[in-house]
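Thanks, everyone, for making the time this morning.

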Amino acid sequence: FEKGGVENKGFVQNETLNEKECNASNQEETPGTCSIGINSAPIHTLDSEVLKPFAGMPKEVLLKFSHQARYRVTREILFWLMIASTPVLVGATIAIIAVSPKCLGWWQASPIYQIYPRSFRDTNNDGNGDLKGIQEKLDHIMYLNIKTVWITSFYKSPLKDFGYGVEDFQAVDPMFGTMKDFENLVGAIHEKGLKVIMDLIPNHTSDKHSWFQLSRNRTGKYTDYYIWHDCVHTAGRITLPNNWVSVYGNSSWQYDEVRKQCYFHQFGKEQPDLNFRNSAVQDEIHDIIKFWLGKGIDGFSVNAVKFLLEATHLRNEPQVNKSQNPESISAYSELYHDYTTTQVGTHDIVRSFRQTLDKFSIEPGRYRFMGTKANDEENIRETMMYYGTSFIQESDFPFNFYLINMKNFSGNTVFETVSLWMKNMPKGKWPNWMVGDPSTARITSQIGKDYTNVINMLLLTLPGTPITYYGEEIGMENIASENVTFPEKSPMQWNGKLHAGFSEGNISWLPVNSDYQNINVEVQKTQPNSTLNLYRELNLLRKNELPIHRGWMCYIWNDSNVFVYLRELDGLDRVFMMILNFGQESVTDLKAVVPELPPAATIRLSTNFRNTGKDVNTNSIKTEKGEGIVLEYKTKKPVHNMEAFQEKCFVAEKACYSSAFNLLYMHC
């Protein structure tokens, strides 16, 4: 058949034109008759008919149409529109980036879960937890919606101080497994999208460390790796260099029979202090940092940083009680430690650690975290110095032990402790909160079971990073036994089986708490109103609600029973208010404190599950002993803009929400 143009049925296999049938050099405006073979059946067009565009047309035909005005003009319009829109799009992108606040780092976005590995899970039935046990239980951490794991010391060690006197900084203690076990654990953690940090203990080593053995024998460069000083040793009596006392009590000087000198130790006599005024020692610590970063570690908790340097003049430290007989001084608390803590140069060393970590943080998504244990609870300003400055960064945050060290819990004391940190924290820095660690009595044992849930509600709704010590998510307590030296390190309670599922062997290194039949992970997963499931719900609330994980915090009210604060974000009319009871049953009139509050609010979450979802009157909010409530309400009048609350509101990094573009921006 013949028709104008060529109809392409979509099944042409060979579109090569026969030069004899279609001369490509023909320059006439009206194309001549051209036949194209389709399954050996030629198709002809008439000279008198106009060729129309068709799918799959050859280049020669396409060029004939491209010069026609209707196609050329359309093409040019589209071209110039693209040219004009490119700078607009680039400008809009730059503007969005410029006004957007910095995204939260992985160490900010999630709670940190601290594990004492000896007590977490035993897989080889020797009664001691191990690295394989942590890997086996990673799904529990995922269940909690936690993204960061902190594994405390697992270095090769004589365990004189539970792993904090290190014999080899580049080896795993056989009790916990092998280096291959560690590498497998890090790989499994990263496969699940989690991060892992570990302890770094730069201040001292074990006296079994090869460095110390070489130093006591005055071998080469190791001679001055530790702090040695002459001390008189006559007739069995040692005259010490000065009155310095160790953290654990008694003199911080120990005579060594091999070297015939005294060495200095801030902690136990089996833990000699390294000499950080020796640059070779600093290089060794940097090599240790690089070694573990090379193994895939995402960051460090740097231990005992305020003890890194001591004064070289060796003067006696001032007595707290000047009338006390100097010969009777033996306790750490009896001296002011002006010459053995936070000496000039300490922060330079900490900054150098940060710089080494930064070299490994260049790769996108692989930022390396550094937290510091400053142990400066008596001096908040010295603690805050470990944040660094706006120009020179040190740690991402110094760990906050102030809630751990509280003597009495009440609405007022919790407010004072939270306020102490927030008021002194440098502008733009990020807070953190913890109520437990391996060397402190568990919080439930300190203040009672009634307050377990309200403490978790506090941690997970304050601004900053919450740090959960293993077992706090189910309300574990200290072992109730006078024969146990470290009751806060009892084995994790997984289920109601032998040893609470911690070990399938015949023993565990510490006894399991007698309440493990009721207080364990397996049981609490099945209970909607359990401590475990409340923890999960609170963590999801923190993750999903912008005001809670990066908004303003404003103190509203505190008394002997309750502490009340709210979280809000500019641009969002949804506000969350926490009423936390750390005392006895109480009724609070918040409408009298903030008249702009709506008359009613909804309980989004309560430690008393039967109250969740109820509406309450803001002029009469009742809380039971140990109850915590998260209220949700809407308002167009944010509290942080009210004059009466100007000094009671804090934000780490200001951000505002645009509902029109569904994004955060800074300048508002």
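Let me begin with a term: a residue is called buried when its relative accessible area is under 20%. Please keep in mind that what you see is a predicted model.

By that cut-off Cys554 is buried, because its relative accessible area is 0%, and Cys649, with a relative accessible area of 9%, is buried as well. These two residues form a disulfide in which the sulfur atoms are 2.0 Å apart. Cys554 belongs to strand β18, residues 552-558, and Cys649 to strand β26, residues 649-650, so the bond ties together parts of the chain that lie 95 residues apart in sequence. The torsion about the S-S bond of Cys554 and Cys649 is about 115 degrees, and the disulfide is therefore right-handed.

The count comes to two disulfides, and the other pairing is that of Cys231 with Cys262, whose sulfur atoms are 2.1 Å apart. This pair also links distant parts of the chain, with Cys231 sitting in the loop between β8 (228-229) and β9 (232-234), and Cys262 in strand β12, residues 261-264, 31 residues apart. Here the S-S torsion is about 95 degrees, so the disulfide of Cys231 and Cys262 is right-handed. Cys231 counts as buried at 11% relative accessibility, and Cys262 counts as buried at 0%.

That leaves a question about Cys103: is Cys103 buried or exposed? Cys103 is exposed, with a relative accessible area of 67%. Cys103 takes part in no disulfide, and the nearest cysteine sulfur, that of Cys656, is 15 Å away.

How values were computed. Residues numbered from 1 in each chain as written. Predicted model: local features only at pLDDT ≥ 70, side-chain atom pairs only at ≥ 80, totals over all residues. Heavy atoms only, no water. Disulfide = S-S within 2.5 Å. Helix = DSSP H or I, 4+ residues; strand = E, 2+ residues; numbered from the N terminus. Buried < 20%, exposed > 50% of the residue type's maximum accessible area, 1.4 Å probe, protein only.
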